[in-house]
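Q: Hello! I would like to learn how to read a protein model step by step. Could we go through it together?

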Amino acid sequence: MPAEKQTVTCESCGKVFKLTGYGPHRKSCIKRARREKEDNVYFGLLRRASSSGSQQLSGVDDPDFATQPSAGTGPQQDISEFWSVPAEVDPHMDVADEANGADINSNDVDDILIEYHPSAKRPSEKIPFVEFARGHRPKAYKPDTSTDPWYPFRSRLDFEFAELVLEAALSKEQINRFLKLIKSARCGSDSFTLNEYSDLRSTWRAASHRTTAFKKEIVSVDGLDGEPQEFPMYYRPLMDWATDLLKHPGIGPHFVFDAMRLFKFDGSTFVHFVDEPWTAAEFWNVQSRLPPDGKVLPFILYADKAKLSSFGRQKGYPVVARLANLPTWIRNGEGIGGGRVVGWLPIVKEDKEHSGKTRFANFKNAVWHHSFKKLLETIEKESQTGCWVNCWDGIARRFFPVVLILSADYEEQAVMALVRGVKSNFPCPICLIPRDDISKFPAQCELRTSDNVVKVLQEACSQETAEKGEQILIRQGLRDVDNAFLVVANTDVYRALSWDRLHANFAGKFGDHLWPELLRILDKGGRQVMAKVEKNFSAMPRWHGLNHFDEALSVSYTDGQKFEDLSKVVVFACHDTVLPVEKEGYLLLRCLRAYIEFDLYTAFELHTTHTLMAGREALATFNTLMQKFSEKTENTKKNWNFPKNHTRAHAFDDIEAKGVTRNFSTKPNEKMHGPLKEKYQRRTNFKNVADQILDIDHLELVSEFIRCRITDYDTYISNKEIIGNDNNDDDAEQEDFFHVKLGSKAKHPLTFEAVEQRSITDKAFIRFRAKLNAFLNRYFTVTGKPLPGGKPIQFPPNAEITEYKYIKVNFESVVDWCQYTDHLRCNPNFHGRSRYDCVLIKTQQQDIFGRLIFMFQCAVSEETFPLALVQPYDAPARPRLVKDVHLNFWRVREQPRESAEFFSVQSIIRGALLCPDHTRVGDYLVIDTIDTDMFLRVQTMHKAAGHH
């Protein structure tokens with residue numbers, strides 16, 4: 001009987017089991033789900049029951065749930081506020097036609113409606129949200145076992161040795177010495193056949209043909225003196241590289257070839273949302289222009305110069321490609337399916353005699369486009385007629401390659417669009433906004449298109465004199481150069497160009513302009529003001545993944561990530577220093593807050609019609625405040641008339657057209673500059689570096705290809721052994737998903753007496769044992785469970801508990817419904833300083849913030865309870881300040897330390913970052929800018945409180 005008929009999938013958790021092991025697992029799975037539902041109810045009952053007493057307590061659930069998926073982790077406030085549909089929306093972001101007139105009662109909240117492109121010839125389908133989420137998980141497959149996955153290496157050991165020396169960048173002499181040592185000491189079951197460097201080199205050569213290699217061509221362009229100048233251009237044929245992925249059995253199943261529109265039911269209507277490129281408008285439009293059997297093969301291309309030497313004298317010009325119909329976690333990741341260098345453009349040396357002149361700039365642009373055209377010509381014919389490819393599953397598909405997205409900084413975008421740059425009449429690569437209007441943020445400007453630009457060039461060429469033609473080009477801000485992208489069908493370079501959050505926001509608007517303005521204003525305030533702000537930055541609580549700034553004002557930053565992290569906390573560090581009476585500085589703080597809110601909306605991993613509308617409103621607010629600030633600071637002669645001040649106007653249009661900004665961000669591409677620099681410094685002789693760097697890059701691709709096959713092979717064999725185990729039961733389960741997990745366990749248990757003695761000065765531990773006894777007795781009473789021995793729980797002083805100083809919390813983001821992780825500490829000495837992180841906790845009445853004081857696990861009879869002692873921050877709020885309104889602060893107030901409560905760690909929704917407001921003792925501000933999930937949760941709290 002076929003193997004797949006001998007297994008069954010659990011309806012609750014989706015895991016695969018052999019028939020003989022399914023019964024015990026299914027029984028346990030149903031039991032766990034029922035207990036989880038019951039305990040969620042008990043959480044609320046316990047808190048309500050305790051609220052009438054002198055000490056508030058919160059319920060705990062069964063400790064077995066410490067490795068179970070979270071349930072109901074969303075806030076009490078109505079997240080559906082962000083799913084309402086405006087009266088008028090773009091056609092691509094409207095309610096599904098299939099939902100109009102449908103029976104509301106036939107739909108469940110969160111149901112997903114998928115509308116496929118007509119060319120897919122698939123009817124629309126409605127699926128439960130849980131099944132939709134599962135569909136986004138990695139898909140397993142059976143690898144080809146007819147050949148060894150490490151072939152053409154003669155053994156796995158041979159490949160792993162070759163992989164190691166490639167990563168370590170060993171020289172030929174070092175490899176030969178290493179091989180001699182191994183040969184003299186080798187033993188074991190696997191054969192090792194490499195004897196000298198030549199064996200290794202010949203095997204790499206045999207393996208190198210398994211993936212698409214680089215080609216080199218000479219590009220000839222007429223120089224300023226009329227004589228042709230030659231430049232080397234290196235490239236991988238794009239169609240061949242893409243075909244490697246389409247045939248790859250591990251990557252192939254993740255491809256999405258048909259455009260679709262996605263909708264989520266909010267209880268009254270289906271609401272459109274976008275995330276990946278195939279869910280957005282441009283993918284749909286391109287497929288509509290293809291033959292019925294045509295599939296879109298969309299490329300994301302990036303180009304930017306990279307500094308290879310430490311001082312930037314040696315540079316490279318890599319072109320990186322990604323395929324837009326692979327999911328983000330593959331496309332923006334590393335390894336097979338991720339970004340790959342597919343080109344190496346020539347760099348024209350600066351000529352002091354001609355530098356800065358229009359003719360020389362045109363020449364450099366001509367070299368760029370002639371070179372880039374060599375790369376694009378590898379998909380020119382296929383983009384027009386299509387190309388049949390036998391994919392990984394044996395099915396032949398007809399692909400039409402297009403350039404869907406161009407990811408680049410403004411300087412490269414100007415080259416791609418052939419606009420004349422910052423000082424031209426129309427400096428924006430996307431639209432025809434006049435240079436003098438850039439800082440005025442007009443509602444709408446005419447968009448550039450390839451057809452319109454070609455007409456302008458034709459008009460310029462038809463003039464009687466070159467001077468008249470040049471004047472036409474100057475008026476439009478264009479260059480007289482043939483655009484390379486015209487050779488690719490169904491591609492409009494001006495639609496492919498995309499707003500870049502990294503350079504436009506972090507290293508642009510904030511890093512180059514808002515941050516220097518803040519430093520200027522703080523400097524005017526004097527040393528005391530500077531010192532206070534510096535102290536606030538240094539005292540800012542630490543957060544996993546967020547840079548901490550001890551000397552924020554005295555260090556010069558160039559890294560976009562540093563600027564991003566600064567922007568998240570700068571308002572919280574300065575709000576008590578820059579007061580409303582200081583009108584210029586206070587207005588800048590409002591601008592900074594509006595900026596980070598706009599930036600967070602652009603960072604959303606998924607957008608609905610409503611979040612797009614909210615993002616556009618945030619942008620309008622930011623623009624209005626910036627105009628006011630510009631008018632107020634006219635005397636400083638600060639120039640806000642620069643292109644990056646305008647390009648954000650296209651951000652949300654790009655999201656609707658191409659999906660969320662991580663689809664076209666330059667950040668994952670710029671991360672590839674580091675490895676290229678390392679190759680230059682460690683693996684070249686600093687001569688003809690392009691050949692050497694690209695040779696190593698190709699070998700690394702081959703190595704990744706073989707490593708991927710080995711990993712998939714090992715995984716397949718391992719899973720096959722697990723499924724084939726007849727004794728598989730619930731106790732042997734390995735959970736991949738859990739809500740909370742305690743860690744950093746104390747070496748030795750603590751007695752209650754020891755806990756109370758060491759914390760004798762901390763009011764949170766007053767009557768620690770008595771309060772815990774009362775808490776657990778109430779838990780057993782409310783849940784209806786019999787008390788152990790029929791007597792109230794009464795821990796003796798010498799009873800032991802286990803302390804934990806770390807907790808890992810997995811939570812479902814309210815933005816894109818995917819799992820994310822917080823790493824939280826409750827440690828008196830973490831890297832030399834105390835760290836007690838804050839959390840967002842679910843209670844029956846509302847979600848509250850609190851600070852971890854002590855995490856531990858105790859046992860009652862045979863049942864264990866993972867608990868946390870938490871200081872709640874839910875004291876009655878004081879009147880809201882005008883500053884809170886202007887800066888959109890969510891303010892909480894701490895309960896007295898002696899009012900600390902016990903919570904089950906399962907009631908922790910996620911971690912939170914709070915900073916004290918030094919002007920109001922006991923008040924804390926929620927730093928909602930740490931990520932998109934916290935931002936949206938707090939925005940929802942504001943709506944529920946009537947703040948918006």
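Q: Where is Ala169 placed?
A: Ala169 sits in the loop between H3 and helix H4 (172-185). Please keep in mind from the start that this is a predicted model.

Q: What is the phi angle of Ala169?
A: Phi of Ala169 is positive, about 55°, although this residue is not a glycine. Another residue to look at in the same way is Lys637, with a positive phi near 65°, and Lys637 is not a glycine either. Lys637 is found in the loop between H19 and H20.

Q: Is Lys637 buried or exposed?
A: A residue counts as exposed when its relative accessible area is over 50%. Lys637 has 72% relative accessibility, so it counts as exposed.

Q: Which residues does a cis peptide bond join?
A: Look at the omega angle: the cis peptide bond joins Tyr151 and Pro152, with omega about 10°. Pro152 lies in the loop between helix H2 (129-134) and helix H3 (156-168).

Q: Now for the whole protein. How many helices and strands are there?
A: The secondary structure comes to 27 helices and 29 strands. The protein has 948 residues, and 55% of them count as buried. Among contacts between residues at least 6 apart in sequence, 69% join residues at least 24 apart.

Q: How are two packed helices described?
A: The general idea is that two packed helices are described by the angle between their axes and the distance between the axes.

Q: Which residues make the contact of H18 with H19?
A: On the H18 side they include Leu587, Leu588, Cys591, Ala594 and Phe598. On the H19 side, among them are Ala614, Gly615, Ala618, Leu619 and Phe622. By class, the residues of this contact divide into 14 nonpolar, two polar and five charged.

Q: At what angle do H19 and helix H20 pack?
A: H19 and helix H20 (residues 651-658) pack at about 160°, with their axes 10 Å apart. They are therefore roughly antiparallel to each other. H19 passes H20 in a right-handed crossing. In this contact, Leu612, Gly615, Arg616 and Leu619 of H19 meet Phe652, Asp653, Ile655 and Glu656 of H20. These residues divide into four nonpolar, one polar and three charged.

Q: Next, single residues. Is Thr940 buried or exposed?
A: The cut-off for buried is a relative accessible area under 20%. Thr940 has 1% relative accessibility, so it counts as buried. Thr940 is placed in helix H27 (residues 932-944).

Q: Which backbone atom does the side chain of Thr940 reach?
A: The side chain of Thr940 reaches the backbone oxygen of Leu936, at 2.7 Å.

Q: Where is Asp928 found?
A: Asp928 is in the loop between strand E29 (923-926) and H27. With a relative accessible area of 1%, Asp928 is buried. Leaving aside neighbours within four places in sequence, Asp928 is in contact with Phe572, Arg593, Leu600, Met934, Phe935, Val938 and Gln939.

Q: What is His369 in contact with?
A: His369 has its place in helix H9 (residues 358-376). Leaving aside neighbours within four places in sequence, His369 is in contact with Val415, Met416, Leu418, Val481, Asp482, Asn483 and Ala484. The relative accessible area of His369 is 1%, so His369 is buried.

Definitions and conventions: Residues numbered from 1 in each chain as written. Predicted model: local features only at pLDDT ≥ 70, side-chain atom pairs only at ≥ 80, totals over all residues. Heavy atoms only, no water. Contact = heavy atoms within 4.5 Å. Helix = DSSP H or I, 4+ residues; strand = E, 2+ residues; numbered from the N terminus. Nonpolar A, V, L, I, M, F, W, Y, C, P; charged D, E, K, R; others polar. Buried < 20%, exposed > 50% of the residue type's maximum accessible area, 1.4 Å probe, protein only. Polar contact = N/O pair within 3.5 Å; in protein donor to acceptor, adjacent residues only side chain to side chain. Axes fitted to C-alpha atoms, helices over the stretch in contact; angles between N-to-C directions. Parallel < 35°, antiparallel > 145°, perpendicular 65-115°, else oblique. Left-handed = near helix turned anticlockwise from the far one by under 90°.
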